[in-house]
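Student: I'd like to go over the pockets in this one. Can you walk me through them?

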Amino acid sequence: MEWDVERFGAIERWTILGEPRRNSLSVALLRELLDHQARAAADKGLRVVIVTGAGTKAFCAGADLKERARMDEGAVAGFHKTIRAAFDGFEAMPQPVIAALNGAALGGGLELALACDLRIAAEGAEVALPEVGLGIIPGAGGTQRLPRMVGVARAKELILTARRVSAAEALAMGLVGQVVAQDQLAAAALALAERVARNAPVSLRQAKRAVDRGLALPLGEALDLENRLYQACIPTADRQEALQAFAEKRAPVFKGE
């Protein structure tokens with residue numbers, strides 16, 4: 001088993017069980033991740049997923065280099081097909097996904113975090129895309145997702161220098177949204193997930209789709225997409241529940257319908 005899955009009501013926490021190897025990405029880990037994503041996508045009672053790593057040193061140190069050293073070119077190509085499917089899977093999931101960076105997020109580890117919707121980091125965490133120093137380039141979304149998140153100039157600087165960035169600097173550039181003490185990370189990630197999970201599930205799905213899909217469209221088409229996704233919320237039972245709860249001055253009870 002490569003992942004530990006814990007359930008907290010409408011929230012799940014997925015923890016990489018690879019502390020001795022710095023939670024690096026193996027083929028088995030990625031295949032198991034794809035299975036968890038498929039299961040989660042079909043779970044209407046699941047509203048938010050937290051992804052983190054075991055221990056305090058590494059969230060994920062990227063590809064398992066010992067495993068990679070045994071791969072021929074064909075196997076490497078297959079690995080990259082799998083890693084792209086797994087990371088794209090976070091964006092395809094209907095639930096928002098929070099990356100809780102308990103330690104270093106390097107290479108594919110940072111690319112995993114970039115594929116999530118929200119990021120929170122422990123104070124000692126560092127992030128980097130070191131690939132150009134290894135004779136390759138970020139190949140699991142880093143060259144595309146990072147510029148969209150922090151801007152082209154900043155992303156090029158980080159990618160071309162391959163330097164490590166502290167949690168504080170990652171916060172300043174908008175790469176993570178919150179930095180907390182290491183011993184507070186689990187609770188802070190769960191609190192963030194609870195703030196998201198209390199909202200209407202249909203609205204969460206539609207809002208995530210609007211942002212992710214709209215980024216690839218010209219503004220006019222993106223606004224049309226937003227309108228279609230907005231209109232799909234109007235006839236839902238959750239919207240009616242929100243209106244009734246407002247009138248009755250109580251918290252709404254959403255069912256994802």
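**Pocket linings**

Tutor: Start with helix 9, which provides eight residues to the lining of the largest pocket, the largest share. Keep in mind that this is a predicted model.

Student: What volume does the largest pocket have?

Tutor: About 930 Å³.

Student: How many residues line the largest pocket, and which lie nearest its centre?

Tutor: The lining has 31 residues. Nearest the centre are Glu91, Asp117, Arg145, Asp212 and Leu215.

Student: Which helices and strands each supply at least two residues of that lining?

Tutor: Helix 3 (73-92), helix 4 (108-115), helix 5 (142-150) and helix 9 (201-214) do. So does strand 7 (118-122).

Student: How does the lining of the largest pocket divide into nonpolar, polar and charged?

Tutor: It has 16 nonpolar residues, 12 charged and three polar.

Student: Switching over. What is the volume of the second largest pocket?

Tutor: That one comes to about 430 Å³.

Student: Which residues lie nearest the centre of the second largest pocket?

Tutor: Ala63, Leu65, Glu131, Leu134 and Ile136. They belong to a lining of 21 residues.

Student: Which helix gives the most to that lining?

Tutor: Helix 3, with three residues. Helix 2 (65-69) and helix 4 also supply at least two each.

Student: And what classes of residue are in the lining of the second largest pocket?

Tutor: There are 12 nonpolar residues, five polar and four charged.

How values were computed: Residues are numbered from 1 along each chain as its sequence is written. This is a predicted model: local features need pLDDT of at least 70, side-chain atom pairs count only at pLDDT 80 or more; totals for chains, interfaces and linings use all residues. Side-chain values use heavy atoms; hydrogens and water are left out. On a 1 Å grid over the protein atoms alone, a cavity is a set of points where a 1.4 Å probe fits but cannot get out, and a pocket is an open set with protein on both sides within 12 Å along at least five of seven lines; lining residues have an atom within 4 Å of a point. Grid points are joined across faces, edges and corners, and a volume is the space filled by probe spheres set on the points. Helices (H or I, at least four residues) and strands (E, at least two) are DSSP runs, numbered from the N terminus. Ala, Val, Leu, Ile, Met, Phe, Trp, Tyr, Cys and Pro count as nonpolar, Asp, Glu, Lys and Arg as charged, and the others, Gly among them, as polar.
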